[in-house]
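Thanks for making time, everyone. Let me put the model up, and then I'll walk you through what I found in it.

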Amino acid sequence: MGNQQISPQRMTGVPKKKGLGLGRIEPILFNTFNTIFMICLVIVTLYPFLNTIVVSLNAGNDTIRGGIYLWPREWTLQNYKAVFASGTIYNAFWVSVARTVLSTLLNIFLTTMLSYTLSRREYVFRKPITLVFILTMYFSAGLIPGYFLIKELHLLNSFWVYVLPSMISAFNMIVIRTYIGTIPESLVESARIDGAGDFKIFIRIIFPLCKPVLATIALFVAVGAWNSWFDAFIYTSSKQELSTLQYELMKLLSSSMNSNNNPNVAAGAGMTQDTAKSLVTPLSIRAAVTVVASVPILVVYPFMQKYFVVGLNVGSVKE
């Protein structure tokens with residue numbers, strides 16, 4: 001009796017817990033719910049694009065019947081043959097690529113330079129100039145005055161009409177200037193002590209440190225330039241060699257929607273009009289056009305994704 005050991009539960013009068021406690025169940029429930037929610041979110045996000053790809057690979061007459069989800073019933077490439085039937089679409093593709101690259105590079109460099117200038121407290125005109133740029137976000141002269149301005153600048157039927165008007169963005173300037181404000185002022189002061197000027201400070205310090213926000217802005221600018229077609233319709237429609245990919249696809253989609261017996265579609269499919277009508281429809285053409293227009297941006301996005309992650313991490317840390 002004297003050597004008998006008494007368990008701590010019996011000494012304190014607390015019964016021993018059996019099974020899983022609430023503290024151990026909560027992480028399991030959270031992980032389960034989180035996994036189910038993320039799977040549903042992925043399905044909702046990916047399904048429309050996957051369905052569009054499937055419709056673009058399915059025969060048009062079969063697509064009209066409905067019931068096309070994640071796998072084509074009747075495989076065909078006639079929709080893509082109809083899209084690429086016109087020889088002008090290849091030149092339009094390279095025009096769109098050149099426009100997107102130049103617009104993105106110039107917009108990023110010049111907007112960042114402007115943002116750095118307006119972020120300097122010693123610059124006495126930074127507030128009125130910032131106000132002028134902000135006003136342009138809310139007030140516009142309109143389409144007709146804008147057209148006459150482009151005409152007076154001799155940019156009609158010129159490739160530079162795609163690039164020059166988009167070199168500066170007021171919204172992007174505000175975003176980049178705010179990000180520059182998070183960079184320690186001590187870095188700039190140290191560079192000035194070493195004899196660096198404003199341009200050298202911008203190139204060597206500010207611009208490299210802005211990579212996360214610049215990658216985000218670059219994607220926005222690139223998507224906007226790639227998807228734009230209205231400026232080609234307004235300013236360069238009379239010059240076929242300056243037509244962009246989106247404008248050519250818009251014309252094809254518009255013509256296919258107006259008539260199922262589109263001669264361009266029939267010629268692109270390499271068939272008679274009656275046969276093309278059964279295999280190529282406005283719905284299938286629309287799906288093929290959507291895929292062709294989206295793939296280049298989807299290819300670029302993975303290369304910028306790492307900068308988005310870095311940007312989120314940097315923005316979440318406070319000194």
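Before I point at anything, one term: I'll say salt bridge when a side-chain nitrogen of Lys or Arg sits within 4 Å of a carboxyl oxygen of Asp or Glu. And please keep in mind that this is a predicted model.

Asp62 is in helix H3, residues 60-64, while Arg73 is in the loop between H3 and helix H4 (78-83), so the bridge ties together parts that are eleven residues apart in sequence. Is Asp62 buried or exposed? Asp62 counts as buried, at 1% relative accessibility. Arg73, on the other hand, is partly exposed at 38%.

How many salt bridges turn up in a search of the whole structure? Eight. Another one joins Arg192 and Glu122, at 3.4 Å from N to O. That pair links distant parts of the chain, with Arg192 in helix H9 (residues 185-193) and Glu122 in the loop between H5 and helix H6 (126-135), 70 residues apart. Arg192 is partly exposed, with a relative accessible area of 33%, and Glu122 is partly exposed too, at 49%. Both also belong to a network of salt bridges that links Arg120, Glu122, Glu185, Arg192 and Asp198.

For a local example, go to helix H13, residues 245-258: Lys251 and Glu248 both lie there, three residues apart, about one turn of the helix. Their closest N and O atoms are 3.1 Å apart in a salt bridge. Here Glu248 is buried at 10%, and Lys251 is partly exposed at 30%.

OK, zooming out. The protein has 16 helices and zero strands. Of its 319 residues, 34% are buried. Look at contacts with a separation of 6 or more, and 70% of them are between residues 24 or more positions apart.

With helices, packing is the next thing to look at. Two packed helices are described by the angle between their axes and the distance between the axes. Take H5 and helix H11 (residues 211-227): the angle is about 145°, and the axes are 9 Å apart. The crossing is right-handed. On the H5 side the contact includes Phe93, Val97, Arg99 and Ser103, and on the H11 side Leu214, Val221 and Ala225 are among the partners.

Let's stay with Arg99, which is in H5, residues 88-119. Arg99 has a relative accessible area of 4%, so it is buried. Leaving out residues up to four places away in sequence, Arg99 touches Phe159, Tyr162, Ala225, Ser228, Asp231 and Thr244.

Now the loop between helix H7 (143-152) and helix H8 (170-180), where we find Leu164. Leu164 is 61 residues from Ser103 in sequence, yet their C-alpha atoms are 7.8 Å apart. His154 is in the loop between H7 and H8 as well, and has a positive phi near 60° without being a glycine. Most residues other than glycine have a negative phi. Asn157, also in the loop between H7 and H8, has a positive phi of about 55°. His154 is exposed at 69%, and Asn157 is partly exposed at 29%.

Last stop, the surface. The protein exposes about 20200 Å², with carbon and sulfur atoms supplying 67%. There's a nonpolar patch of about 750 Å², and its members include Ile39, Leu46, Leu50 and Tyr69. Leu50 is in helix H2, residues 22-56, and is partly exposed at 39%.

That's my tour, so over to you.

How values were computed. Residues numbered from 1 in each chain as written. Predicted model: local features only at pLDDT ≥ 70, side-chain atom pairs only at ≥ 80, totals over all residues. Heavy atoms only, no water. Helix = DSSP H or I, 4+ residues; strand = E, 2+ residues; numbered from the N terminus. Buried < 20%, exposed > 50% of the residue type's maximum accessible area, 1.4 Å probe, protein only. Contact = heavy atoms within 4.5 Å. Areas by Shrake-Rupley, 256 points an atom, 1.4 Å probe, with all protein chains shown as cover. Patch = residues over 30% accessible without salt bridge, like charges linked within 9 Å, V, L, I, M, F, W, Y side chains within 5 Å. Axes fitted to C-alpha atoms, helices over the stretch in contact; angles between N-to-C directions. Left-handed = near helix turned anticlockwise from the far one by under 90°.
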